[in-house]
Amino acid sequence: MSKRVLIVDDAAFMRIKLKDILEKNGYEVAGEAQNGNEAVEKFKEVKPDIVTMDITMPEKDGVEALTEIKAIDKDAIVLMCSAMGQQTMVMDAIRAGATDFIVKPFDTERVIKALDKAIR
Amino acid sequence: MEDNSAYRELFFEETDDNLAILNQEVLRLEENPEDKQIIDIIFRAAHTLKGMAATMGYETMAKLTHTVENVFELVKSGQLKIESDLISLIFESLDTLTEIVENLRQEDEEKVNISSLVSRLEKVASSEHSLTEENDSTAATSATFDFPELEEADGVAIESAENSGYKLYAIGVRIEETSMMKAARAFLLISKLEQLGDFVQMKPTAEALERGELDEAFTVYYLSKENKETLLEHTEDCSEIEEVSITATSYAEVAASSQSVDLTDGSSAIEEQTAGNEKQTDKKKPVATKQTIRVDLTRLDQFMNLVSELVIHRTRLEDMSEKNNLSDLNESLTQVGRITTELQDLVLQLRMQPFNVVVQRFPRMMRDLCNELGKDIQFVTEGEDTELDRTVISEIGEPLIHLLRNAVDHGIEQPEERMAKGKPATGTIKLSAYPEGNRVIISLTDDGKGLDPRALEASAQKKGISTEGMTDDQLRNLIFHPGFSTAETVTGISGRGVGMDAVREKIMSLNGKIETLSEVDKGTTFRITLPLTLSIIQSLLVKVGQETFAIPQAVIDKVNYFEEKEGISVHQKEVYQYKGETIPLVRVNEVLAIPKKASDNQHIIVVLIGDKYYGLIVDELIHQKEIVIKKLGTELNDLSLYLGATILGDGGISLILDVTSICTTRKVVSYV
């Protein structure tokens with residue numbers, strides 16, 4: 001049974017790319033969200049095995065959304081997606097309970113490795 | 001790929017520099033395998049090369065340098081020992097790199113196949129790597145990772161924690177080199193470990209990590225009640241981590257090992273330092289970092305040309321002021337004179353390069369040669385900072401290589417043979433350079449078997465070269481005879497029978513000369529004398545017919561009055577008695593086809609070409625003069641009898657005689 005992933009990113013391009021990477025590697029995309037608010041709603045709705053969470057998003061950013069998701073389910077597996085140069089925010093996310101992080105631009109191999117490790 | 005063409009030139013210049021550094025330092029490393037400084041230099045150079053290649057998009061090159069860098073990373077961390085096999089492999093990589101760079105320079109594609117080399121390098125790296133991984137002791141781990149130091153207060157805390165069921169772990173983590181945000185990666189791992197225990201010390205410190213300062217590895221002392229397996233499992237779900245090494249230890253162990261490590265480290269560091277000092281005073285001053293810029297050579301040449309033109313016009317001005325009694329001009333002319341002289345000196349200096357530029361590639365070559373021929377040779381160089389004109393520098397390399405190869409191949413005997421002769425098994429070849437007046441002497445000495453006049457004589461006779469009445473010195477000079485080779489078997493290294501005469505020719509074309517000193521079983525010394533510069537030479541101005549010519553003073557042995565009766569006709573040739581020898585006479589006007597002028601002031605100029613004297617008859621001597629050589633244009637390339645031309649003070653032009661071809665031309669004429 002393939003693992004179900006919730007993709008959170010405000011850029012459609014990134015969502016499409018990530019979706020493509022995931023589906024080609026045996027993951028199922030359970031849902032997509034384009035900001036923090038949507039992410040929390042979708043998380044409650046689809047109950048994914050794993051969330052990939054962009055850090056900078058409008059309305060509610062990734063770290064806030066992560067904190068809320070963790071409040072709902074403290075065992076939630078959330079992978080942060082960060083652009084280069086967002087080290088402090090990544091560290092904030094780790095403090096808030098992020099499982100791991102991947103750095104854009106995405107490298108298929110890295111993404112899959114991180115996901116595989118995260119769901120073990 | 002971006003358009004990097006603008007940086008190409010810079011890329012190649014810096015790549016050449018870095019490759020030269022690598023070659024030189026790897027060689028030094030072979031002799032001082034423990035020298036951390038050398039390893040650091042090598043590591044940096046490899047790293048720079050990799051970075052540049054990657055930036056330029058030269059993937060093959062980046063890949064190979066990356067692999068080399070990895071190997072040195074292991075060397076640096078003490079995981080990999082320097083052995084001659086490894087050095088050879090590194091050299092092979094450097095050769096391949098050079099090849100790749102040459103291809104790139106030709107704008108060829110990167111077609112060099114590096115896969116086997118890379119896999120061999122990787123094998124070296126990985127085999128050593130797994131070795132340390134298997135070896136699960138504190139010593140091995142601390143060699144891999146650089147652990148923080150524990151303070152006394154830590155000790156107290158650790159010991160009390162140990163009493164209440166905690167275990168002390170030494171954890172080293174290496175993050176994948178290509179991973180971005182390494183500090184955050186480390187932070188992630190640390191926050192995972194934090195759930196299972198406490199950190200005692202961390203290197204780099206937590207503050208540094210927060211600021212994002214981390215290279216690739218970090219180490220911690222960590223207290224936890226969990227066992228090693230649980231900890232490993234817990235850290236394994238982090239991505240982009242290359243290696244996690246967890247070692248159970250205790251405070252007592254850490255304290256003990258750090259003490260002993262400190263002791264040995266300290267003493268060996270001191271030894272290294274003193275050894276280094278000795279070497280420095282012994283060999284050369286520490287290289288001071290000077291600020292330099294790179295200048296296109298043609299611009300320097302142009303500068304040189306302009307300055308010499310300025311000198312010419314200054315002389316003309318002086319002439320005019322003298323003739324017309326313009327005393328007002330004198331003072332400023334003196335000033336101009338001084339400044340132009342300084343300018344001239346300066347531009348000459350600009351063209352100078354240290355001998356080191358040539359020498360630096362030799363140790364590597366010598367090493368390869370010795371390995372190939374199974375000889376044990378110590379190669380010593382001296383006076384690397386002696387400066388020579390860059391033309392000389394760029395031309396002298398080939399002849400020196402030939403001489404060095406000969407010395408290794410024919411000169412130095414096999415170790416057993418040397419022992420039998422009561423000589424040390426290790427041969428010595430010494431290459432030194434030093435200035436002597438306005439010349440530079442390069443001498444190449446080996447302590448090998450020397451030139452045996454008898455062997456040379458026998459060999460010459462076999463080849464049909466007449467040796468009748470030759471002195472030992474003359475016999476030794478036979479090595480310069482075209483087509484002469486003493487090697488009984490022709491090896492790939494030397495002894496192809498072409499060579500020594502070419503060596504001599506090359507040196508002569510640089511206005512230099514080569515002499516041989518040799519004693520059987522003691523060794524051979526080649527002494528090469530070279531002018532400091534090729535652009536300005538001392539010359540003797542002479543008149544032949546109505547024309548003025550310049551003769552380079554370097555070749556002149558003696559100048560005498562000449563009376564017709566001194567010329568002796570022998571077999572349609574004219575000869576002259578000089579130092580008890582009979583030397584050929586050359587009437588310059590005949591060679592140059594200039595009508596003879598009735599002169600009562602004829603002089604004979606005795607010149608030494610190679611080991612032969614010739615007497616040149618000229619109609620009149622004018623005076624000695626420092627002249628600037630101007631090359632004849634390409635349209636006058638056929639004029640082989642002239643080296644070039646110079647402009648005289650009065651604005652007139654005079655040709656500079658190529659004495660060598662004048663003397664040899666005459667020989668051809670006389671035999672016809």
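A residue is buried if 20 or more other C-beta atoms lie within 10 Å of its own, exposed if 12 or fewer, and partly exposed in between, with C-beta atoms placed from the backbone. The legends below concern a predicted model, in which local features need pLDDT of at least 70 and side-chain atom pairs count only at pLDDT 80 or more, while totals for chains, interfaces and linings use all residues. Residues are numbered from 1 along each chain as its sequence is written, and chains are lettered from A and ligands numbered from 1 in the order in which they are written.

**View 1**
Helices (H or I, at least four residues) and strands (E, at least two) are DSSP runs, numbered from the N terminus. Two strands pair if DSSP finds at least two bridges between them. Strand β18 (residues 603-609) of chain B runs antiparallel to β19(B) and is joined to it by seven bridges; B:Leu608 stands opposite B:Tyr613 in β19(B). The pairing of β17(B) with β19(B) is parallel and has three bridges. Here B:Arg587 stands opposite B:Ile617 in β19(B).

**View 2**
Five strands of chain B form an open sheet with mixed pairing, in the order β6-β8-β9-β11-β10. At the edges stand β6 (377-382) and β10 (513-519) of chain B, each with a single partner strand, so one side of each is left without a neighbour in the sheet. On average, neighbouring strands of this sheet are turned by 10° against each other, direction ignored. Within the sheet, β8 (residues 427-436) and β9 (residues 439-446) of chain B run antiparallel and are joined by eight bridges. B:Tyr434 has B:Ile441 in β9(B) as its bridge partner. Helix α16 (residues 390-411) of chain B packs on the sheet and touches β6, β8, β9 and β11 (523-531) of chain B. The direction of α16 makes about 20° with that of β9(B). Two residues are in contact if their C-beta atoms, placed from the backbone, lie within 7 Å.

**View 3. Helices α2 and α3 of chain A.**
Two packed helices are described by the angle between their axes and the distance between the axes. Axes are lines fitted to C-alpha atoms, for helices over the stretch in contact, and angles run from 0 to 180 degrees between N-to-C directions. Helix α2 (residues 36-46) and helix α3 (residues 62-72) of chain A pack at about 25°, with their axes 9 Å apart. This angle makes α2(A) roughly parallel to α3(A); angles under 35 degrees count as roughly parallel, over 145 as roughly antiparallel, 65 to 115 as roughly perpendicular and the rest as oblique. From α2(A), the residues A:Gly36, A:Ala39, A:Val40, A:Phe43 and A:Lys44 meet A:Gly62, A:Glu64, A:Ala65, A:Glu68, A:Ile69 and A:Ile72 of α3(A). This contact of α2(A) with α3(A) has six nonpolar, two polar and three charged residues. Ala, Val, Leu, Ile, Met, Phe, Trp, Tyr, Cys and Pro count as nonpolar, Asp, Glu, Lys and Arg as charged, and the others, Gly among them, as polar.

**View 4. Helices α3 and α4 of chain A.**
The axes of α3(A) and α4(A) cross at roughly 5° and come within 9 Å. The two helices α3(A) and α4(A) are therefore roughly parallel to each other. A:Gly62, A:Val63 and A:Leu66 of α3(A) make the contact with A:Met89, A:Asp92 and A:Ala93 of α4(A). By class, these residues of α3(A) and α4(A) divide into four nonpolar, one polar and one charged.

**View 5. The contact between chains A and B.**
Chain A gives 15 residues to this contact and chain B gives 13 residues. On the side of chain A that touches chain B, α4 (87-95), β5 (100-103) and α5 (108-118) of chain A each supply at least two residues. The residues on this side of chain A divide into eight nonpolar, one polar and six charged.

**View 6. Two loop residues of chain B with positive phi.**
Most residues other than glycine have a negative phi. B:Asn325, which is not a glycine, has a positive phi of about 55°. B:Asn325 lies in the loop between α12 (297-323) and α13 (328-350) of chain B, and it counts as exposed because it has 8 C-beta neighbours inside 10 Å. B:Lys579 lies in the loop between β16 (573-578) and β17 (581-587) of chain B, and its phi is near 50°, a positive value. With 9 C-beta neighbours inside 10 Å, B:Lys579 counts as exposed.
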